[in-house]
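Have the structure open as you read.

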Amino acid sequence: MRKKIVAGNWKMNTTLQEGVKLAEEVDNALKTVEPKCDVIVCVPFTHLASVNAVITNPQKLGLGAENCANHKSGAYTGEVSAPMVASTGAKYVILGHSERRQYYGETSETLREKVALALENGLTPIFCIGEVLEEREANKHFEVVKTQVSEGLFNLSADDFGKVILAYEPVWAIGTGKTATADQAEEIHAFIRSTIAEKYGNEVADNTSILYGGSCKPTNAAELFAKPDVDGGLIGGAALKCADFMGIVTAF
Ligand code: PGA
């Protein structure tokens, strides 16, 4: 059975001190609940080692980065490699977030390199896909996500593909307060799963966790997570307040 997952994406928010405090709060809150999902926080590079140090139960709270370089090491000033991320204790890495694709020109080719390096270093990629508003309005969203999944991931063996978590995040819903309806999410999640099944077969597709992201909040999480093909959420804004994040975690 595929895993249910709620992952926070802190983006470029919190100072180190604020981030450590937030992680402590989440870690603490998880002591008093038995979540029906895996819980992960993906934090800025600068915070990784310090946040790792305050996680008291890594079984209950996983740690991830928000990106990694497409090279292993060398003269790439300012970049952070997958081995560096792994050396902090992080186990996950968000790759291909729409903000990386849009503002930093990440292409499927670069993402294939990043995914390969993440997997080589024992990191689980949380691979993001999703259409922009014009594509949705032109009814091209199915085609767009199919291209993103196949170009970014379908070079992988079935075994390696099985290690990847997918996150469908319609760009028009990210940080806008405009959530996809549960039916819209289910429709495209089911389509993504059928695309995976065509390539790798039903068993791999059934075992792939596909998270929804985009203005997910405590008030709409339960409805989204109730859909059969929505396996959890990738949470931006609402991950920055412990109570909101926990409200989403306990929506399962
Ligand atoms: P949001 O961001 O929850 O603030 O919309 C989600 C994301 O970009 O991962």
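Start with helix H12, residues 242–249, where Cys 242, Phe 245, Met 246, Ile 248 and Val 249 are buried. Buried here means under 20% relative accessible area, with exposed being over 50% and partly exposed in between, using a 1.4 Å probe and protein chains only. Look down the axis of H12 and those buried residues fall within an arc of 155°, so they line one face of the helix. The arc is taken from the directions that run from the helix axis to the C-beta atoms. An α-helix has 3.6 residues a turn, so residues three or four places apart point the same way. As for the partners, the buried residues of H12 pack against strands S1 (5–9), S2 (38–42) and S8 (232–235), as well as helices H1 (16–29) and H11 (218–225). Contact means heavy atoms within 4.5 Å. The element names come from DSSP runs numbered from the N terminus: helices are H or I with at least four residues, strands are E with at least two.

A word on ground rules: this is a predicted model, so local features need pLDDT of at least 70 and side-chain atom pairs count only at pLDDT 80 or more, while totals for chains, interfaces and linings use all residues. Residues are numbered from 1 along each chain as its sequence is written, and side-chain values use heavy atoms, leaving out hydrogens and water.

Now to the ligand. Of the 13 residues around the ligand, Lys 11, His 97, Glu 169, Gly 175 and Ser 215 come nearest; a residue is near if one of its heavy atoms lies within 4 Å. On its own the ligand has 280 Å² of accessible area, and the protein covers 95% of that. Those areas come from the Shrake-Rupley method with a 1.4 Å probe; for residues, only the protein chains shown count as cover. The shell around the ligand divides into 4 nonpolar, 7 polar and 2 charged residues.

Lys 11, in the loop between S1 and H1, has a positive phi of about 55° although it is not a glycine. Ser 215 sits in the loop between strand S7 (210–213) and H11, and its phi is positive too, about 55°, again without being a glycine. Ser 215 is buried, at 16% relative accessible area.

Next, follow Glu 131 in the loop between strand S5 (124–129) and helix H6 (133–137). Is Glu 131 buried or exposed? At 0% relative accessibility, Glu 131 counts as buried. Setting aside neighbours within four places in sequence, the contacts of Glu 131 include Val 144 and Glu 169, the latter being one of the residues that come nearest to the ligand.

Val 144 takes you into helix H7, residues 141–153. Val 144 is buried at 14% relative accessibility, and beyond four places in sequence it touches Gly 130, Glu 131 and Glu 135.

Leu 234 is buried at 1% relative accessibility, and its contacts, not counting residues up to four places away in sequence, include Ala 7, Ile 126, Leu 211 and Glu 169.

Finally, His 47 lies in the loop between S2 and helix H2 (48–54) and is buried, with 3% relative accessible area. The side chains of His 47 and Thr 46 make a polar contact of 2.8 Å.

How values were computed
Ala, Val, Leu, Ile, Met, Phe, Trp, Tyr, Cys and Pro count as nonpolar, Asp, Glu, Lys and Arg as charged, and the others, Gly among them, as polar. A polar contact is a pair of N or O atoms within 3.5 Å; within protein, one must be able to donate a hydrogen and the other to accept it, and residues adjacent in sequence count only if both atoms are side-chain atoms.
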